[in-house]
Amino acid sequence: MLSVIGIGPGSEAMMTQEAIAALQEADIVVGYKTYTHLVKKWTADKEVIKTGMCKEIERCQIAIDLAEQGKNVAMVCSGDAGIYGMAGLILELVSKQRRNVQVRVVSGITASIASAALLGAPLMHDFCHISLSDLLTPWPVIEKRIIAAAQADFVICFYNPRSHGREGHLAKAFELMTPWKTDTTPVGVVKAAGRKKQEKWVTTFSQMDFSQVDMTSLVIVGNQSTYLSDGLMITPRGYVI
């Protein structure tokens with residue numbers, strides 16, 4: 001059995017009971033080193049295999065090989081395993097290599113959901129996720145998606161918004177959205193949601209400070225109806241009140 005587990009943003013309180021049970025049942029835990037550290041409470045008596053950044057295929061292959069040997073393996077992912085996690089890659093490899101492995105995907109709370117709760121209720125109407133990382137997706141494709149989402153007036157949740165190697169991507173995204181946003185369009189930012197160094201703040205489209213955002217941040221840009229009230233973002237669902 002290979003369980004691909006979404007462990008949530010990082011705190012025990014945001015882990016599902018199913019995720020905890022899957023970890024407890026596992027013989028071996030595989031994952032990115034930061035994520036294996038977040039679940040060390042449940043892995044003290046287990047073999048833990050850690051890999052670094054950009055080693056996704058390698059660690060998925062390790063997990064599949066071990067599972068095919070009859071081990072009960074847990075692959076840990078932050079947030080939800082099926083949202084920018086390892087569930088898709090695991091299933092692709094198992095399918096294309098015709099491996100004899102049973103895969104179970106265990107869902108978790110993704111960063112957008114955790115962040116939205118901290119910011120108020122910004123996702124009450126249609127919304128989308130866009131990753132600003134161009135490591136696996138060409139930047140021109142990302143640009144098209146940003147423009148389409150802004151033009152269609154989705155609330156937009158930006159993952160991987162800014163890093164040392166991509167300092168200008170978030171600013172460029174805001175530039176692309178400008179024709180469909182106003183200066184007062186609400187924007188919410190949460191850094192390290194659910195972790196000890198968690199931070200959050202709300203601002204507006206024209207006042208956004210990109211320098212405060214990093215790779216642990218989730219940025220939510222409101223739609224034309226989103227407004228701020230008592231420091232919280234609210235996107236009306238459409239009820240007449």
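This is a predicted model: local features need pLDDT of at least 70, side-chain atom pairs count only at pLDDT 80 or more; totals for chains, interfaces and linings use all residues.
Residues are numbered from 1 along each chain as its sequence is written, and side-chain values use heavy atoms, with hydrogens and water left out.

The domain bounds, taken from an automatic or database assignment, are 2-106 for domain 1 and 111-234 for domain 2. Their C-alpha centres lie 28 Å apart. Between them, about 750 Å² is buried, and carbon and sulfur atoms give 65% of that area. Buried area here is the accessible area (1.4 Å probe) that two parts lose on being put together, summed over both. On the domain 1 side, Pro9, Met14 and Tyr84 lose the most area to domain 2, together 59% of what that side buries.

How many salt bridges are there between domain 1 and domain 2? The count is zero, where a salt bridge is a side-chain nitrogen of Lys or Arg within 4 Å of a carboxyl oxygen of Asp or Glu. The structure as a whole holds seven. In one of them, Arg104 pairs with Glu25, the closest N and O atoms being 3.6 Å apart. This pair links distant parts of the chain, 79 residues apart: Arg104 belongs to strand E5 (residues 103-106) and Glu25 to helix H1 (residues 17-25). Helices (H or I, at least four residues) and strands (E, at least two) are DSSP runs, numbered from the N terminus.
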